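Hi,

Here is the structure I promised to hand over. Please have it open while you read; my notes follow below.

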Amino acid sequence: MNYLIIGTGGVGGSIAGFLALEGKDVTCIARGKHLEAIRQHGLHLKSDLKGDHYIPVKAYTAEEYDGKADIIFVCVKGYSIDTIPAIIAKASKPSTLVIPILNVYGTGPRIGKMVPNVTVLDGCIYIVGFISGEGEISQMGNIFRLVFGARPEQRITRGDLDAVADELRTCGIKVDISDDINRDTFIKWSFISAMACTGAYHDVCMGEVQHAGTVRETFIGLSRESAEIGRRLGIKYLEEPVSYNLKVIDKLDPHSSASMQKDIARGHESEIQGILFDMIDLGTKLGVDMPTYKTVATKFRKDSSI
């Protein structure tokens with residue numbers, strides 16, 4: 001299989017690096033100086049799991065790419081979804097599977113409506129990865145878990161999903177094929193929302209969340225409120241959601257932080273709408289009491305640039 005990675009940031013770059021290290025046919029879509037550095041020197045992967053490597057990969061802008069891919073990973077930020085239908089349509093053939101890996105909820109169905117003739121699954125990822133320099137991706141910690149699956153109405157055989165999962169596993173990625181991808185993508189959204197909002201609100205790394213105190217209580221409050229949203233949506237949790245979020249946060253590198261938090265700190269465009277305000281809007285529609293979310297929101301509503 002050949003792979004197209006749309007968005008070579010922390011997530012997409014890590015996927016590309018792990019695949020390319022095992023000799024898979026990988027093409028990256030990037031832009032600007034990041035793209036030029038990848039072209040000139042290869043993708044520089046600095047990984048706690050894989051080590052330090054410069055990896056030759058094909059790299060293009062979305063406009064330049066004219067190939068066809070078997071598997072397309074969509075790894076852009078949530079605010080960039082509207083920019084990708086053209087390249088997905090151009091790069092797809094009848095057998096192509098598209099796997100969106102975003103921090104916001106409902107992206108598989110949303111992208112699927114934009115490219116109705118393409119098979120768009122849904123997915124989520126647990127990883128700490130970020131652009132640490134031009135052409136350079138840092139992956140921190142021991143967590144690299146990818147979850148993907150088809151929705152009930154999609155006629156995708158388990159064999160097709162297994163073929164992708166098996167190849168990814170040979171590259172050192174932990175992969176789970178979901179039997180309820182709506183549940184699993186909501187759980188990820190709930191986790192990343194609590195993680196990113198806690199870190200940004202208190203301006204701390206995850207080590208501060210891993211110890212008892214005010215910061216951890218914020219994370220717990222956010223997790224509790226988003227879990228109630230899930231219950232009202234009909235999400236069937238496999239384990240108690242607040243305990244699950246705490247278990248995941250406690251495994252992260254204590255020096256890590258969410259990409260939304262990094263973007264806000266640098267004055268860049270961030271995913272705060274999808275990660276914070278969309279959660280509040282959904283909770284409000286469902287009648288969920290959200291005191292922790294609303295407290296966090298007061299800090300960021302003052303800044304109209306976010």
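Is glutamate 228 buried, partly exposed or exposed? Keep in mind that this is a predicted model. Glutamate 228 is partly exposed, because its relative accessible area is 24% and the buried class ends under 20%.

**Helix 8**

Glutamate 228 has a salt-bridge partner, arginine 231. Their closest N and O atoms are 3.5 Å apart, and the cut-off is 4 Å. Both residues sit in helix 8, which covers residues 214-233. They are three residues apart, about one turn of the helix. Arginine 231 is partly exposed too, with a relative accessibility of 41%.

Next, look at aspartate 263 and lysine 77. They form a salt bridge, with 2.7 Å between the closest N and O atoms. This pair joins distant parts of the chain, 186 residues apart. Aspartate 263 belongs to helix 10 (residues 259-266). Lysine 77 lies in the loop between strand 6 (71-74) and helix 3 (85-91). Their accessibilities fall in two classes. Aspartate 263 is buried, at 9% relative accessible area. Lysine 77 is partly exposed, at 26%.

**One more pair, and the total**

Aspartate 179 and arginine 183 also meet through their side chains in a salt bridge, at 2.9 Å from N to O. Aspartate 179 has a relative accessible area of 69%. For arginine 183 the value is 7%. Across the model, the count is 20 salt bridges.

Now the strands. Strand 11 runs over residues 174-177. One face is covered and holds Val175 and Ile177. The other is uncovered and holds Lys174 and Asp176. Strand 11 pairs with strand 10 (residues 136-149). The pairing is parallel and runs over four bridges. Within it, leucine 146 stands opposite valine 175 of strand 11. That valine is on the covered face.

Best wishes

Methods. Residues are numbered from 1 along each chain as its sequence is written. This is a predicted model: local features need pLDDT of at least 70, side-chain atom pairs count only at pLDDT 80 or more; totals for chains, interfaces and linings use all residues. Side-chain values use heavy atoms; hydrogens and water are left out. Helices (H or I, at least four residues) and strands (E, at least two) are DSSP runs, numbered from the N terminus. Buried means under 20% relative accessible area, exposed over 50%, partly exposed in between (1.4 Å probe, protein chains only). Two strands pair if DSSP finds at least two bridges between them.
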